[in-house]
Amino acid sequence: MEKRREKYYITTAIAYASGKPHIGNTYEIVLADCIARFRRMQGYDVFFQTGTDEHGQKIELKAQDAGTDPKTFVDNVAGEIKKIWDLMNTSYDKFIRTTDEDHVKQVQKIFKKMYENGDIYKGYYEGLYCTPCESFYTQSQLVDGKCPDCGREVVYTKESAYFFKMSKYAQKLIDHINSHPEFIQPVSRKNEMMNNFLLPGLQDLCVSRSTFKWGIPVDFEPGHVVYVWLDALTNYITGIGYDCDGDSTEQFKKYWPADLHLIGKDIVRFHTIYWPIFLMALGLPLPKQVFGHPWLLQGEGKMSKSKGNVLYADDLADVFGVDAVRYFVIHEMPFENDGVISWELMVERMNSDLANILGNLVNRTISMTNKYFGGVVCDKKAAEAVDDDLKAVVTGTAAKVVGKMDELRAADALTEIFNLFRRCNKYIDETMPWVLAKDESRQDRLATVLYNLTESITIGASLLEPFMPETTGKIMAQLNTSARDYEDIDKFGLYPDGNKVTDKPEILFARLDMAEVLEKAQKISEAQAAAAGASAGEQAEESGIELELKDEITFEDFEKMQFAVGEIIECEEVKKSKKLLCSKVKIGNQVKQIVSGIKQHYKPEEMVGKKVMVLVNLKPAKLAGVLSEGMLLCAEDAEGNLSLMVPEREMPSGAGIA
């Protein structure tokens, strides 16, 4: 296949330095690494940047809680993040920190230039602020009175601040998005940005804070620090040598604009609205593409350190190995919808895909070559019709993988490679080498079959290298060859005739016992809970939550409320809302439509059929434009996890609750 010669600049979102990244955070760096390695294999001149986002009020508060200063705190966390990235064998070219001196100086110059150009002005901010998201919202943007992104409480804030005139560039950005359909991917993210933010009209953006200190100082306004997103987003240009005074490096001139910003779906707004507008203000070209990937969710629900159910890459790698973890996080993540991870699912994939389909294939092929031909691989040209289909699948896989990777469908690309290995296993069943070995007259045919298998594995493992580099290296060492060059990756028959494979084949992936792995998982869980201040007993029986009591009511007040058992017969997501589900609830002989802020905790399909507790006579109201005629009652713990209140025993819909 023809090699590409262009540059390719890929970035991840820089990880927020508030704590150790869990496996969902780690997914992004692994995906970016697969893309970067694949582009290098294709011949691109790749520059791959990642790093840490280290400023903001949340960091300042975290450092206070830890009894240390913010810089010491982020130094420790940044080191932990880099350690995880390195553990996962990611091939980044630069790890930038927003506390790096050269970055800090450029952010100050960028802020001043925007101010001098009239894009930034001074005023007062008075509104609602979400500290975890470092974001301001209007009342109309809240969902159930809480942050529309994370669902947490917002606080009223009033402070002196600088603002960026977003509306000045809004139409230019709309035109760019409309004329560059590839700019925001997947398309659903584009539609969300256009319909929810750009088309209704952009408000000016607060770009400085004066109520905390941990940030890059606005050098011409004492007491103000640069808004964390303006600081963080500019890493994509400062990291490759951008200079606001016009003295940018050759590296910047070579690699900008970025070919791909790879980010989580929760920060698409910042990267496809704020960041492009900042670049327009600086007179710089926009990145070619922003891809908002879905989330990797823990199988048992929301991850919580106190519950001990957070999955970390280093724990998983200790049990399964680095390449197995890389395989899993890529394979299990759909292009547009959230993926799921659990210890059980990883064991299943390890045993079926890695140990059986791939590991057993390599081991059987090498073992048979040693048994029948002393390890020597020869193509005796004793072809049969069944060979043609194998060769067609093997030589056609590269084009399929390239097509999937061009669309950033890494999971689908990995599936295509394993389809090649599956076809090899089928070929063994079709040709039955053990039967051929019993017939002296079929020795040339046996040699040809084993050659075809060896060549097929070589091509498949070469395509696998960006996804599982250590595994590819082990396979090539056992086959006594090297990964196939990209230009030859769709050609069959290049494995050296007469080459000798290893006489001691290594088990690539050993099958795991589910019970043993779950026992290890339990120990890891208990250690997490203990580190978070909870004992193993507290996991089984959670300690009570301090209850903030409201004003007393009379029995007459209580009698005004009507509670009943309802059965959910339909449920769907509320469009334009990240938190709301709309349920049709059968209560006796009537059906009510009830909107609830539980989307982060329940999927529509798992709601249907549930018997729930309903406040029946709540005055109807519209939520996100949808009429709600009652309320589903839920319990909520200290971490915001919700559980619907359901009857202990089977009760008919309409049964009264008193």
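Buried means under 20% relative accessible area, exposed over 50% and partly exposed in between, with a 1.4 Å probe and protein chains only. This is a predicted model, where local features need pLDDT of at least 70, side-chain atom pairs count only at pLDDT 80 or more, and totals for chains, interfaces and linings use all residues. Residues are numbered from 1 along each chain as its sequence is written, and side-chain values use heavy atoms, leaving out hydrogens and water.

Start with the cysteines. Select Cys147, which is buried at a relative accessible area of 1%. Its sulfur is 3.7 Å from the closest cysteine sulfur, in Cys130, too far for a bond. A disulfide needs two cysteine sulfur atoms within 2.5 Å. The structure holds zero disulfides. Jump to Cys378: the nearest cysteine sulfur, that of Cys424, is 19 Å away.

Next, the aromatic rings. Rings of Phe, Tyr and Trp (its six-membered ring) pair if their centres lie within 6.5 Å; planes under 30 degrees apart count as stacked, over 60 as edge-to-face and the rest as tilted. The whole structure has 25 aromatic pairs. Select Tyr451 and Tyr495. They pair edge-to-face, 6.2 Å centre to centre, with 70° between the planes. Tyr451 sits in helix H17 (residues 443–464), while Tyr495 lies in the loop between helix H18 (469–479) and strand E17 (499–500). Helices (H or I, at least four residues) and strands (E, at least two) are DSSP runs, numbered from the N terminus. The pair links distant parts of the chain, 44 residues apart. Tyr451 is buried at 2%, and Tyr495 is buried at 2%.

Finish with a cluster. Select Tyr9, Phe47, Tyr236, Tyr242, Phe252, Tyr255, Trp256 and Trp275, which ring pairs link together.
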